[in-house]
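Could you walk me through how to read salt bridges in a model like this one?

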Amino acid sequence: MKTIEKIAYIGVDLGGTNLRTALVNHAGKILESRAAQTRVDQGAESVSKTLLALCRALVRSAAKLGLKVAAIGLGAAGKIDRSTGSVVFSPNLPVLDGYPLGRELGQNLEIPVCMENDANVFGLGEGWAGTARGVRNWVGIVLGTGVGGCLFLNGKLWEGDGLGFSAEIGHMIVEPGGPVCPCGSKGCLEAFASARALVSGAKKALCGQSVKEGPLHALDRVGKLSAHTIYACAKRGDPAALALFDKMGWALGICLANIFSVLGIRLAVIGGGVSSAWDLFISPLEKTLAQNSSMLDPGAAVILRSRLGNDAALIGAARLSRKRTQVSR
Ligand SMILES: [Zn+2]
C-alpha cells in the first residue's frame, strides 16, 4: 500500500494566454512546474496535445522522485461540466467550448482528471496553503483579464446547485445600465475591475474627450494601452489613469458590501494579476465598503491580498484533484 508521502498531484491552470502545470506534493508544495503558450489560434486539439505533453513530462519527473501521480486537477475560466470533463462556455477560451479536454487527458494518461472553474481553484489553493488557510468563511476575488469569484462557507467551497457556476462575483451588477460586460450584461463588476475594463475605460475616456491630452493619449496612438501601462501612468500621477483605479476600488467596495451583508461574513482575499495594483484601489475600496456597510461594524471587514500569487491556481487544482479522488475512493 502506498503511503501518502509517495503520492503527488498535477495542478493545471488553463489561461487564455498561458497553459501552466505543476507537480504538487501531498502537503501543497510545488515540486516542479512547466508552462507553454495556450495556442488557441491552432484549435482545441492543439491545446489538448500541448497539455498532454506537459503532464506527461511531470508524470516522468514524479517517477524519478519515487512518486506516483494520483490525480490531475484542471482549472479553467468559464462554465465547467464536471461530469464530462469539458468546458461548456469560456469567454476567454471560446475555442474550447464543448471540447472534452479533461476526459481526453484522463484517457491518454490513465489518471483521473477533474475540472473546476479557475476562480474556485484559486480559492482552494489559498485555503490549503495561502492567505485563507484556517479561515472558515470567506470570499475570494480574482482580478485578471476578467474577474472571477469563489465562496467558502463553513470551510467548504460553495458549489451552488451544481449548475456549473457559483460565486460569479465578476457578474454582480454594480451599476445598472453601465459599461457592457463580455457576459452580455451591463455594469457588472468585471466591467470596472478587470484588465480588459482598464483598457476599455481608458479608451472610452479618450473618445469621450473627457481626457484632452496626456500619457494615455500617447499610449493609445502607438497601440500600447494595457493594464500595465495604465498602471504605470497612474503611479506617475496621471489623473485619468488614477480615476480608472478609483472606479475599480469603488466597484469592488460595492460588491463586498453586498456580499458581506447578505452572507454575514467579513473576510475577502483578492488575487489575480491586476491585484498588483493593490496600492491604487485599496483605499477607494475600503472607503466605499465602509460607506455602504450598514450591518457590519466599521473596521470589522478584513480585506487581504493573495499570498500565493500565480501559484494559487496550480496548488488549488492539485488540491481539487486530491479532494475529488479521496471522495471517490
Ligand atoms: Zn458580466
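Q: What should I know about the model before I start?
A: This is a predicted model, where local features need pLDDT of at least 70, side-chain atom pairs count only at pLDDT 80 or more, and totals for chains, interfaces and linings use all residues. Residues are numbered from 1 along each chain as its sequence is written, and side-chain values use heavy atoms, with hydrogens and water left out.

Q: How many salt bridges does a search of the whole structure find?
A: Side chains of opposite charge can pair when their charged atoms come close. Here the search turns up 11 salt bridges (a side-chain nitrogen of Lys or Arg within 4 Å of a carboxyl oxygen of Asp or Glu).

Q: Which parts does the pair Glu159 and Arg324 tie together?
A: Their side chains form a salt bridge at 3.6 Å, N to O. Glu159 sits in the loop between strand E10 (156-157) and helix H4 (190-193), and Arg324 in helix H10 (residues 311-328), so the pair links parts 165 residues apart in sequence. Helices (H or I, at least four residues) and strands (E, at least two) are DSSP runs, numbered from the N terminus.

Q: Is Glu190 buried or exposed?
A: Buried means under 20% relative accessible area, exposed over 50%, and partly exposed in between (1.4 Å probe, protein chains only). Glu190 is buried at 7%, while its salt-bridge partner Arg196 is partly exposed at 31%.

Q: Which residues do shared partners join into one network?
A: Asp13, Arg20 and Asp311. Within that group, Arg20 and Asp13 meet at 3.1 Å, N to O, and both are buried.
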